[in-house]
Amino acid sequence: MKSLLVVLLALVVTTSAADDNAGFANCDFEQGATGWGVWYSDDPKAAMTRYPYAADSTVAHGGQQSLKIVAPDENGCAFVTRGSTAMKAGARYEVGYWFRKSPELDERAFHVRFNFRPADKAKADWKMKSVELLPTRRKTEGEWQYRAGYVRVPKDASSSGSIGLYLREARGTIWIDDVQIREVKVGENVIADLWVYDPYRVELGGAPLTKFHALKERNDPILARAARYNETLVKSAFVKEDVRRCLRIGQSCPDAGKLGARMDQAEEKLARLYRAYGEAFLDLKSATKAEAFDSQANVLGVELGALGSDAQRAIADATARCRGAGQRWRPPPAPLKAGLPSISGDGRVNQIIYANRSTWDFQQLEKPLCFDPVHSTSAGSPRSDKPGHYDWSSYEKQWEQIRASGIPKKSCLLLFMTLHDGSWAPKWLLDRAKSDPEIMHVLRPEAALSKRSTGSAQINWWHPAVRDYAREIVTDMGRTFRSRDEFLFYEFQWEAYGPYVATEKGTREVGYGKYAEADFRAWLKKKYGDIAALNHRWDASYASFDDIQPPPDRHVVERRRAGPLAAEWEAWREASYEDWCRLIYRAWKKADPTKPVMADNSNLFRSFNMPNLADTCDLLAFHNSGRTFMPTLMLLNSISRHNGFKPIAQYENFWGVQEDHDRMYEELPRRHGTQKHIFRMTVWNTFLQVWWYSYTSAEYLTHYDGNYFDPAYALTTLRYRTAALPVYFQKFKRFQRALLDSRIVTPRICVLAPTASMRNNFPIGASQAEIYDLFWELYPRNHHFDLVHEEYFLDGRARLNDFDVLVLPYAPYLDERLQNAIGKWLNAKPRLLVTAGPFGVYDELGRDSGKLINATLPGRPLKLEFSDKKRWEWVDDPAKPGDALEICAGPSKVFALLKPFAQMKSTRGFVDKLIAQIEAVTNRAACDDKNVFELVLREQGEARYLCALNPDQDATAESTVRVKGVFKSVTDLDYENGFPVASRVEVGHTVFPLRLEPGEATIIRLSP
């Protein structure tokens, strides 16, 4: 590693020669900003902050000046760019740069990207490809940070490319200097590095799979060596976890430091072993290189065995010393009975399941990963030549292929209904649509639906024939597989769009056409009873329900404020989508009540609501990425809690890992990040997980971190990061009785999921944005919250009195019944209402309201303004613009944000002020003095289970933990016999020290 870095740093020279920088001149900015331009938006009239950029002669890393970009607020961007005509199609480039930033700027807001155009625009199926540089190496020099990584130019790209220094949604200043772009020559750097994931090292797509199959077909001896390397890698990971257990109890384990040093040395040898494997792989006929690998593997295997034994002995000795000193503690809960994982028909998971969905050819190489013997099929549709005839043989054939390895014993069944914006539709149904076009969704005005893959169509679920077809196919599937115990569950609602479709001109609303509009009017009639009641409520004068016409599609005609018609239209569209999913679910359960049904959404909450999701499935599942992943998991937990503790699951599980997207190519942080992801999923009740997967030939391989194997050697070797899976699967398997038999302590903070405002969403996504931003300030401080749909308070599933703090995140539309209830809640006893934006300006139908505003902020001439289509601002006094209001409301307080949280969080002291307000009225169930741990407290009777994680991917964390309640015995369960934790009681809290390595997790039992 050091030698590579020295070579890289030697390339950092003050030169802008085309030969050295791939044709990009002035990358050291010694000529100022000459040759650099800027892009802000495709729309020149877009109301946004345009971040200025300029050369800065007062700040430089090398030479005399750098490039400076200034972000005055989070509502803008700058893409500072320049072009080159010297980049080669298919070539690989090494890119490095230095940057310095002001303290408040988040590095994740800065990206280096390359844009490419096709060489032949007429033949290409793409117009532009953007490749983001993700660092593989980092270095610090004073205030300057170095980042370096690789990009590959698309094969069919022209020689004209551009580099962009992209700063987006940031606040602060960044300086960039000494950008280096160097072509990696053929044959250079072909040996993979244990610590660096570099998919650009080889040709991607189907090439690695082709090479792997060739090796497998001839049973090349390198496969046996790959298996041995993979086993050694996983063994080293288990040994490392034992060493970490020694480090955690350092004072009781005097040899912990020495064991840690030995582990570091063992991992250095593992890195050399990986290089030796690479040498042997790249020269398959060399007996010398093969023997060199074997020899190193033998030596390392012996050392790991000795180190593992010594670590376990050190733990045993420490345990004996504690017992000898008179300490007594109960052992960990007894393990569950061994055997296959099982699920009840209602979705209840009886054992934690870590299942797999990968290419079945890889099952033997995946064996060290310790997946449960559950492997998902990928077939999603049968064959059908006419109504009532369904051939499910493709499912049977694939299951036989999967089972042939002898490893999987159980699987699941997919059906591509409510997939994206469509469903599987056989040819006979599509043929019928030619004479009955309303079988497909109707749009107003008409627009061409996006083309879908064969068999998938955007069918109109209001059409009677479509509904009959849906019942028929799922009924046939349920009857076919009802007696097949090897299939654990059904899955649908995959990446569902909700009541929207994609067209060739963008997203559009569905709900038009004679069948849909008739259903809309019937829904209104059922709700209001008669037209007079509707007219009174809407302040309208319709002669009959038949006179009511739907409003224009808001994607075609801008709708800044909804009235009763538009509000009810949006409510009906979401309710209709729930009804469509419910129809499918009920048909399945009637045909096969023995198997649960999973709903696997990804756009849930981001673009549509399903407060009654629990009525459409047995297993609440989802997958999405980045900063929305954990808030959505909190939403699923809230839906579960308020619907009889409906089970939570995860299908296509790797997307959540993308929260630390900027670390994707660094294997050590990624291992720690994977441990963090498993912790979060499991302790937050996701007891069924289906993990993806061995390899994908899709382009997202380079920006989604899901594949287990390194493409460098034809997918024969596991990545260093992947070894986190078996270690943490096994860890939580030991904990599963404690997890399955306990429940998360209910938080005292509630964030409203303001469904009326989200449906009538202008600006689009404003409510969700406030929730996401608030989450990432509260969650790291262990202020957990219940994210509750407003319907739950109205129908009694949730009670305001169960909470001390209520947050209204951009809720201008709010049912007056809920407004009145919140007013009473505030007057009952001291509480806190936090409002991130206007609340209750209108009722749920868009009529003027303001009841809660008048009760809590009397006399304030507040005015809601929109500077553009994305930003809102609540103006209190135009002469004295402010950021927030703090007002007493009876015995309670109101903390009202007048600007989006994203603009406020970087204001000095603002978040601390908000946290202080929250902590004045409620206590955290568990916390630590430095806010360095993620702590999830679960309860079982009088006992508590504290699930603790160090989320930092780079640094060890040490702090003092405080758990509400008095407990006499505190035991770390992450040891075979448990290990006592010294504790004391302070002001009604049990207090003890904790130390965790990067990404490390444990569970601690507290007993009264």
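Buried means under 20% relative accessible area, exposed means over 50%, and partly exposed lies in between (1.4 Å probe, protein chains only). The model is predicted: local features need pLDDT of at least 70, side-chain atom pairs count only at pLDDT 80 or more, and totals for chains, interfaces and linings use all residues. Residues are numbered from 1 along each chain as its sequence is written, and side-chain values use heavy atoms, with hydrogens and water left out.

**View 1. A salt bridge links Glu791 and Arg759.** A salt bridge is a side-chain nitrogen of Lys or Arg within 4 Å of a carboxyl oxygen of Asp or Glu. Here the N to O distance is 3.7 Å. Glu791 sits in helix 18 (residues 790-795) and Arg759 in helix 16 (residues 755-759), so the pair ties together parts 32 residues apart in sequence. Helices (H or I, at least four residues) and strands (E, at least two) are DSSP runs, numbered from the N terminus. Arg759 is buried, at 13% relative accessible area.

**View 2. Arg537 meets Asp843 in a salt bridge.** The N to O distance is 3.8 Å. Arg537 belongs to helix 11 (residues 531-538), while Asp843 lies in the loop between strand 30 (832-842) and helix 20 (851-856), so the pair ties together parts 306 residues apart in sequence. Asp843 is buried at 2% relative accessibility. Arg537 is partly exposed, at 25%.

**View 3. Asp220 and Arg218 form a salt bridge.** Their closest N and O atoms are 3.0 Å apart. Asp220 is buried, with a relative accessible area of 11%. Arg218 is partly exposed at 48%.

View 4. Two strands pair if DSSP finds at least two bridges between them. Strand 37 (residues 943-949) and strand 43 (residues 1001-1007) are joined by six bridges. Arg944 has Leu1006 in strand 43 as its bridge partner.

**View 5. The largest nonpolar core holds 288 residues.** A nonpolar core is a set of buried Ala, Val, Leu, Ile, Met, Phe, Trp, Tyr and Cys residues joined through side-chain atoms within 4.5 Å. Among those with the most contacts inside this core are Phe114, Leu167, Phe489 and Ile822. Apart from it lies another core, of 17 residues, including Ala926 and Phe933.
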